[in-house]
Amino acid sequence: MIKPINIPIAALVVTLLTCSLDVVSGAAAQTQLQNLPSPAPSNSSLSRVVANESGEIYLSWVTQNAGQATLAYSRLSSEGWNTPKEISQGDNWFINWADFPALSVDSRGMVAHWLQISAQGTYDYDIRARFYSRDSQAWTTPKTVHTDGINAEHGFVSMLPLKDGTTLITWLDGRETKHGDPLGAMTLRAGIFDKYGSIVNEWELDHRVCDCCQTSSAMTEKGPIVAYRDRTAQEVRDIFITLLIDGVWTSPRPIHNDNWQIAGCPVNGPSVAAKNEKVAVAWFSAKDDTPKVQLVMSKDNGLSFSEPIVVESPNTNGRVGTAILDSGSIVVSWIDTTEAARIMLSRYDTNGEFLEYTEVARSSASRRSGFPIIEAVGNSVFITWTDISSVPQIKVARIDY
Amino acid sequence: MTKLKPKKSAVSHLLLVLIFAGMTGFLQPLSAADNDSWRIVNYWSEWCAPCRVEIPMFNRLRLRLAKSNVIIVGVNFDEDPRDLTLEIANHMGIEFQTLSQQDLDLLGLKPPNVLPTTYVLSPANEVMAKLIGMQTEQDIIDALTHQGLTLLNQ
């Protein structure tokens with residue numbers, strides 16, 4: 001389980017290694033934004049930043065060269081980024097700006113996934129994963145996360161380390177889309193995997209979900225919470241959550257009735273964060289063709305939520321992230337599309353009062369710029385994104401609140 | 001043969017039909033100077049299941065509109081390199097023109113928030129309709145009709 005954390009010395013020392021430091025004027029306080037050096041080579045993209053329970057920061061990314069894709073990671077130490085280490089490599093991966101590899105870390109090990117084409121000439125791909133044990137200091141051979149054996153779309157993975165050393169993996173599973181008349185819908189599935197990658201338990205969480213939006217998971221005091229975009233028979237695609245409490249998943253329910261009805265793919269999943277009993281979910285919608293990023297908060301482990309706060313509308317294309325600081329304030333990342341795209345952070349206090357905006361970087365509304373990913377450590381937020389102004393390059397920044 | 005016929009109220013559209021009815025092989029490369037055609041602009045992606053479902057419909061509709069002043073063009077939402085985009089389009093069985101980024105810049109379209117999304121553009125490149133999500137052939141015809149363009153079967 002993710003526990004309250006303090007900023008480790010390593011994260012503090014990295015300040016000495018920063019490329020630049022800006023003081024950003026906020027409405028409530030002075031915020032410091034530091035651009036960190038990136039350990040990823042050029043031609044890299046699809047980066048994620050993730051912290052373990054000790055507050056150590058890891059960065060993962062994919063480098064593409066001559067048809068070969070490589071998933072690698074680096075850990076931020078007191079000397080800066082460690083030498084990047086390769087997790088996997090392949091020439092038959094499904095590389096996508098919205099559905100890309102993830103890394104999960106805790107003190108016992110790591111889990112990393114990527115998507116591998118399962119049948120040439122099709123749109124079918126499998127979720128492949130390797131599990132790293134700090135005891136053996138070795139990665140397992142690649143495992144296929146799902147057990148259906150069906151060539152179909154599988155992806156949009158989220159991973160969550162559990163306190164017993166297992167990992168909860170949630171994904172969209174297209175096994176039902178290959179049979180039936182009419183064809184079945186995309187499903188949401190989850191499984192718990194041990195450190196060897198063996199499946200301990202598996203569930204279908206929802207039998208009909210949006211085909212192409214990210215899933216997101218976080219750990220509450222009650223248990224894991226999973227957020228995703230639902231899909232009703234009437235093509236309403238609102239954000240739902242379900243919690244695993246005492247080994248039983250709660251019935252999926254909406255966090256808010258946007259009633260966004262579309263027979264299409266928003267490619268814009270929700271982001272959930274949790275700390276102690278607090279839960280925050282940010283998401284994108286565009287009902288009546290009006291783009292909107294919203295935020296709801298819970299103070300009872302996701303059993304109930306506040307009314308939505310509009311983070312931005314209409315000048316956004318979403319791509320949200322959510323993080324909760326030690327102070328209890330909530331940070332939402334989103335893309336501003338007023339003019340040139342900007343990566344923004346909005347911070348709210350525990351009662352949902354707006355505190356400040358931070359412009360992280362000028363970006364691009366292009367899909368190739370991908371989804372910025374944020375992670376909270378103490379009262380800081382680490383963020384990574386891809387700069388596509390020339391050769392794709394991973395960027396990392398730290399914002400101290 | 002099919003052609004587009006305007007509603008009586010759409011005088012400008014009447015002119016268009018008078019100019020273009022009966023023309024053949026009208027599909028041309030997009031250019032800044034090409035301001036005589038209505039365009040149906042379909043945003044697709046290879047990983048978007050409803051996009052893939054729509055493609056055969058647009059292929060059929062392209063043939064149906066071949067002698068009209070309405071052209072169907074596609075846009076790869078993922079902004080892949082041109083060579084890869086054309087390879088994907090071929091693999092997906094897309095039989096209508098796929099726009100380059102340069103073409104797209106000329107049209108001044110903003111990428112949609114949902115896939116698939118289909119725009120109906122006037123000859124002046126104004127967005128006259130934005131159709132979000134998967135469409136049927138009738139949906140597209142209805143959108144054209146709403147603009148005063150009526151498809152007649154002969």
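Me: What should I know about the ground rules before we start?
Reply: This is a predicted model, where local features need pLDDT of at least 70, side-chain atom pairs count only at pLDDT 80 or more, and totals for chains, interfaces and linings use all residues. Residues are numbered from 1 along each chain as its sequence is written, chains are lettered from A and ligands numbered from 1 in the order in which they are written, and side-chain values use heavy atoms, leaving out hydrogens and water.

Me: Why is the pair A:Asp124 and A:Lys178 said to tie parts together?
Reply: Their side chains meet in a salt bridge at 3.0 Å, N to O. A:Asp124 lies in the loop between strands E9 and E10 of chain A, and A:Lys178 in the loop between strands E14 and E15 of chain A, so the pair links parts 54 residues apart in sequence.

Me: How do you know that E26(A) and E27(A) pair?
Reply: Strands are DSSP runs (E, at least two residues), numbered from the N terminus, and two of them pair if DSSP finds at least two bridges between them. E26(A) and E27(A) have six bridges, in the antiparallel sense, so they count as paired. Within this pairing, A:Ala323 stands opposite A:Val331 in E27(A).

Me: Why are E26 and E29 of chain A called edge strands?
Reply: The open sheet runs E26-E27-E28-E29 in chain A. Strands E26 and E29 each have a single partner strand, so one side of each is left without a neighbour in the sheet.

Me: What makes up the buried area between chain A and chain B?
Reply: Buried area is the accessible area (1.4 Å probe) that two parts lose on being put together, summed over both. Chain A and chain B bury about 1,900 Å² between them, 54% of it on carbon and sulfur atoms. A:Tyr123, A:Cys265 and A:Arg367 supply 35% of the area that chain A buries against chain B, more than any other three residues.

Me: How many residues are in the contact?
Reply: Contact means heavy atoms within 4.5 Å, and here it takes 25 residues from chain A and 20 residues from chain B.

Technical notes: Helix = DSSP H or I, 4+ residues; strand = E, 2+ residues; numbered from the N terminus. Salt bridge = Lys/Arg side-chain N within 4 Å of Asp/Glu carboxyl O.
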